[in-house]
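Me: Show me how to read the local features of this model, one at a time. Give me the general idea first, then the case.

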Amino acid sequence: MKQFKTAQDVVTFIKEQGVQMVDLRFMDFPGLWQHTTVPSKFIEVETFDKGVGFDGSSIRGWQAINESDMLIKPVAESAFVDPFTAAKTLVMICNICDPMTGEDYTRDPRNIARKAEAYLKSIGLADTAFFGPELEFFVFDDVRFDQNSHEGYYHLDSKEGAWNTGRVESPNLGNKIRYKEGYFPVPPMDTLMDLRSEMTLKLQEIGIDVEVHHHEVASGGQCEIGMRFSPLLEMADNVLKYKYILKNVARKHDRVVTFMPKPLFGDNGTGMHVHFSLWKKNANLFAGDGYAGLSEMGMHAIGGILKHAPALLAITSPTTNSYKRLVPGFEAPVNLAYSRRNRSASIRIPMLSNSPKAKRIEFRCPDPSCNPYLAFSAIMMAAIDGIANKIDPGKPLDRDIYDMPAEELSKVPKTPGSLREALENLRKDHAFLLKGDVFTQDVIDTWIEYKINRECQAVELRPHPWEFALYFDI
């Protein structure tokens with residue numbers, strides 16, 4: 001894919017390659033990509049500085065109706081040709097600005113990530129924060145759901161789902177994946193290999209470096225496609241591109257991709273393990289001779305993330321459904337501890353390579369329902385706080401939690417049990433996010449109130465189907 005560096009590069013490409021439309025994209029506050037499309041003839045070098053106007057009051061969590069005018073400013077380096085549109089279309093990710101002051105908009109998630117990178121450099125700690133998220137997802141063949149005053153249901157289906165061993169398919173050839181046995185069977189049990197390969201090729205076509213793809217643990221279409229690590233802002237951009245490509249390739253084949261953390265009961269949920277390291281002058285600052293090959297800085301970074309984890313999860317695991325995945329007693333990383341190999345710990349130090357360049361920490365609590373600009377920025381800010389204050393992460397949790405006495409395990413701190421609990425922790429603990437004006441108090445307050453009013457209350461007010469099984473005959 002052609003790499004763009006300047007506005008002139010983009011304008012020249014549009015003219016030389018016959019680009020017909022330009023799609024301008026940005027992320028709303030909760031974390032969905034939005035877009036507006038303009039004919040290519042209106043894109044000039046000046047557009048990148050002047051921007052394009054739009055109504056910010058219609059975007060979730062943004063402006064009030066009386067101050068709705070906003071500007072979209074495209075970023076030349078982010079441009080790629082959309083592989084799905086009928087008309088040749090160039091996509092550009094944009095920054096959001098206030099038309100009156102010209103300042104970057106504080107509630108623009110991408111602006112927060114830009115400020116996070118700038119803050120890291122300004123304090124002289126490091127020059128690059130590398131992130132490598134592992135996004136899992138489900139591919140379903142049919143999805144139906146509804147809720148109203150007198151009924152509520154959801155129905156998910158997958159041709160490879162374990163629940164379909166007895167379905168009349170004329171013919172049903174078996175080869176359904178058993179619950180929790182989806183990691184790594186070959187075709188014909190893995191029915192999605194060709195689909196994942198097509199997704200991978202499309203990702204590479206738009207410039208995203210993919211390292212691996214495979215079926216994941218759950219039955220019914222759980223998969224993973226692994227991207228190579230990148231700097232914070234670039235990786236957050238890539239996550240949005242990744243979701244776009246996967247959803248549209250699936251749609252082409254009459255299937256649907258979801259990044260919902262826990263769509264299926266009784267099988268593994270969908271996580272987004274986040275690999276993270278800090279670098280300066282091409283040297284990995286987390287590599288050392290301490291526990292699991294970590295430096296003192298790496299250990300303090302773990303200390304910061306563990307200390308702030310109950311608040312962090314309000315951003316990195318930001319849906320009510322996230323806490324259907326993070327349940328004690330199962331395989332989810334609910335123990336706020338670290339380990340070199342124990343996957344039930346919330347932070348793991350991967351030991352697949354002895355190279356100092358590969359040394360990193362892996363935060364396992366996040367899931368792909370998060371806003372990546374906010375999530376990666378918050379994780380980095382927690383790590384910086386740990387480094388600045390030399391926070392001791394305590395002793396590692398290297399034992400099998402299933403062999404630990406209940407009394408001993410009860411002393412290990414746990415993740416919040418609900419989104420509301422995580423949000424209340426964020427309300428009490430967010431000073432570390434405000435440093436360098438990376439997050440503002442307005443952003444924190446708006447996030448908490450939006451999530452409580454639009455999501456927590458909305459779920460809490462509605463009867464759950466299983467409550468009828470538990471209580472209807474009382």
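Reply: Labels first. Helices are DSSP runs of H or I with at least four residues, strands are runs of E with at least two, and both are numbered from the N terminus. Keep in mind that the model is predicted.

Me: Is α8 mostly covered or mostly exposed?

Reply: The cut-off for buried is under 20% relative accessible area. In α8, 16 of the 17 residues are buried, so by that cut-off the helix is mostly covered.

Me: Now its two ends. Which side chain reaches a backbone nitrogen at the start of α8?

Reply: That of N371. One of its side-chain oxygens comes to within 3.2 Å of the backbone nitrogen of Y373. At the other end, look at phi. Just after α8, K390 has a positive phi of about 50°.

Me: Where are D254 and K281, and are they buried or exposed?

Reply: D254 is in the loop between α5 (232-252) and β13 (256-258). K281 is in the loop between β14 (272-280) and β15 (283-284). Exposed means over 50% relative accessible area. D254 has 67%, so it is exposed. K281 has 72%, so it also counts as exposed.

Me: Next, peptide bonds. What is the general rule?

Reply: Most are trans. Look for the exceptions. A cis bond joins S170 and P171, with omega about 5°. The bond from Y183 to F184 is cis too, with omega near 5°. P171 is in the loop between β9 (152-157) and α4 (193-205). F184 is also found between β9 and α4.

Me: Back to helices. How is a packed pair described?

Reply: By the angle between the axes and the distance between them. Take α6, residues 296-316, against α8. The angle is about 140°, and the axes are 6 Å apart. Angles over 145 degrees would count as roughly antiparallel. The two helices are therefore oblique to each other. Their crossing is right-handed.

Me: And a strand? Which way do the residues of β16 point?

Reply: Sort them by side. N335, A337 and S339 point one way, and L336 and Y338 point the other. All are buried. For partners, count bridges. Three join β16 (335-339) to β17 (345-348), and the two strands run parallel. Y338 stands opposite I347 of β17.

Me: Last, a single residue. Where is T85, and what does its side chain reach?

Reply: T85 is in the loop between β5 (80-81) and β6 (89-97). At 34% relative accessibility it counts as partly exposed. The side chain of T85 reaches the backbone oxygen of A87 at 2.8 Å. A polar contact of 3.2 Å joins the side chains of T85 and T89. T85 and M21 are 64 residues apart in sequence, yet 9.6 Å apart in space, C-alpha to C-alpha.

Definitions and conventions. Residues are numbered from 1 along each chain as its sequence is written. This is a predicted model: local features need pLDDT of at least 70, side-chain atom pairs count only at pLDDT 80 or more; totals for chains, interfaces and linings use all residues. Side-chain values use heavy atoms; hydrogens and water are left out. Buried means under 20% relative accessible area, exposed over 50%, partly exposed in between (1.4 Å probe, protein chains only). A polar contact is a pair of N or O atoms within 3.5 Å; within protein, one must be able to donate a hydrogen and the other to accept it, and residues adjacent in sequence count only if both atoms are side-chain atoms. Two strands pair if DSSP finds at least two bridges between them. Axes are lines fitted to C-alpha atoms, for helices over the stretch in contact, and angles run from 0 to 180 degrees between N-to-C directions. Angles under 35 degrees count as roughly parallel, over 145 as roughly antiparallel, 65 to 115 as roughly perpendicular and the rest as oblique. A crossing is left-handed if the near helix is turned anticlockwise from the far one by less than a right angle, and right-handed if clockwise.
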